[in-house]
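Trainee: I'd like to learn how to read a protein model. Could you walk me through one, feature by feature?

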Amino acid sequence: MEIKIHNTLVGSKQVFQPIDPEKITIYVCGPTVYNRIHIGNARPAVIFDTFVRLLRQIYPKVLYARNITDVDDKINNAARELGVDISVVAEKYALAYQEDMAALHNLEPDIQPRATEHIDEMINIIQALIDRGHAYVSDHHVLFNVPSMADYGKLSKRNIDDMIAGARVEVASYKKDPMDFVLWKPSSDDLPGWDSPWGRGRPGWHIECSAMIQKHLGETIDIHGGGADLVFPHHENELAQGTCCHDHPVEYVRYWMHNGMLNIGGEKMSKSLGNFITVAELLEQYQGEVLRFALLSAQYRSLLNFTDDLLDQSKAAVDRFYTVLRELKDVEALPVSEFSSLAVVKALADDMNTPEALAAMHQLASELFKSTDPAEKAKLKGQFVTSGQLLGLFNHDPEQWFKQGDADSLSEAVIDTKIQERADAKKARDFGKADEIRNWLLERGVEIQDTREGTRWQRI
């Protein structure tokens, strides 16, 4: 089936034409592990996890890589404050990142390369750039010479003045040109460093992704993803390195995909502004699927305003979907015969139109509630379940979904005891006491429902 992708390089949607239909390659920029990630950091992870799920339904093999930056000045500063090696900080927050990704029901990438494991590959690319006249050594630094690449800036589509301002770089005496960027820099004795032809030092930020892509995915990859804030300078510089390090013409990336930013109170969420909410903090109040739904609620290239109302609406929507599954638990879902005909699939294939995909889920839910034909219900349930799983939903048993709570919630044992007390009161025709128990539970966030199968309860 046809997939359309908005390619940042050309500035418009294109029909996806893979390099090799037997093996799709996709790389997404991951976290710098010096702290817990905020919900804005989670947006690209959820978006591209959903996109990979789609690709895997269409192509026989999808090789998905998402890196971890485990050497960086922010990590160095955090380690220095704690008086520990950078590996201690990096390992702690890499593990925390994996926990957050699992809670959001992201599949593990096929490859999760770390920067510190690819120092040799970075050195080799840097040397190749020097050999080909695209980089130079100056004052123990190695820098990429931007004027050596005639079409530098083609990804971000900025002029030189804009790029200098956007790079926010300090004009340094060792630079030939203000736009030149660091590939390798010297390390003092109190900083992590590795031996290199240019002395003990550490890599610049941009070189790691080019090295990991080349090692694990090849000279040219199908798709490169990340946040819109990475277009310049990070991805622009990546493109320069990945193109110029070869002695023959190379197309570094076929399709560049960038997700929009996430706002809190009208401002971009960021650690530097101090207006961020971590995924871990949100998971104390909301289930991972609710957060995932919220992150998919807007088209991925658009700005997402992250509010309490959005979270409440997302919870209501996911609750509705699980209500459908609970009410139809005795209906056996029929396998989907034509995957490409599903409305959710068509929406995702059109440049990841997740709002339309979620609207299609609501439409399926409505049709399931209305249908009275058993055969039609089985067919619709199959479509509903398949579509939900494609979006990364339906990871829980429907009954258990409504019973999840936080640390302050009533335990299931207490709730079950109260429900039994209420049943005994009703049997004794003490309806006043039965109502008191119902209201007592309601005040504590537990709603009970009397059905033909017995009394159900859910947290609200």
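Trainee: Where is F306 found?

Mentor: F306 sits in the loop between β13 (304–305) and α10 (308–327). Those labels are DSSP runs numbered from the N terminus: helices are H or I with at least four residues, strands are E with at least two. Before we go on, this is a predicted model: local features need pLDDT of at least 70, side-chain atom pairs count only at pLDDT 80 or more, and totals for chains, interfaces and linings use all residues. Residues are numbered from 1 along each chain as its sequence is written, and side-chain values use heavy atoms, with hydrogens and water left out.

Trainee: Is F306 buried or exposed?

Mentor: Buried means under 20% relative accessible area, exposed over 50%, and partly exposed in between (1.4 Å probe, protein chains only). F306 has a relative accessible area of 5%, so it counts as buried.

Trainee: Which residues is F306 in contact with, leaving aside neighbours within four places in sequence?

Mentor: Contact means heavy atoms within 4.5 Å. For F306 the list includes I39, L262, I264, L282 and L311.

Trainee: What about nonpolar cores?

Mentor: In soluble globular proteins, nonpolar side chains tend to be buried together. A nonpolar core is a set of buried Ala, Val, Leu, Ile, Met, Phe, Trp, Tyr and Cys residues joined through side-chain atoms within 4.5 Å. Here the largest one has 75 residues, and F51, F306 and F384 touch the most other members. Helix α1 (residues 39–58) gives the largest share of this core, 10 residues. Another core, of 38 residues, lies apart from it, with A90 and F232 among them.

Trainee: Which residues of α3 are buried?

Mentor: They are I86, V89, A90, Y93, A94, A96, Y97, D100 and M101. To see how they are arranged, take the arc of the directions from the helix axis to the C-beta atoms. These residues cover an arc of only 165° around the axis, so they lie on the same side of α3. Their cover includes α1, β4 (62–66), α2 (73–82) and α8 (279–283).

Trainee: And how do I read a sheet?

Mentor: Look for pairs: two strands pair if DSSP finds at least two bridges between them. This model has an open sheet of 4 strands in the order β4-β3-β9-β10, with parallel pairing. β4 and β10 (253–259) stand at the edges with a single partner strand each, so one side of each has no neighbour in the sheet.

Trainee: How many bridges join β3 to β4?

Mentor: Strand β3 (residues 24–28) is joined to β4 by 5 bridges. In one of these pairings, T25 has L63 in β4 as its bridge partner.
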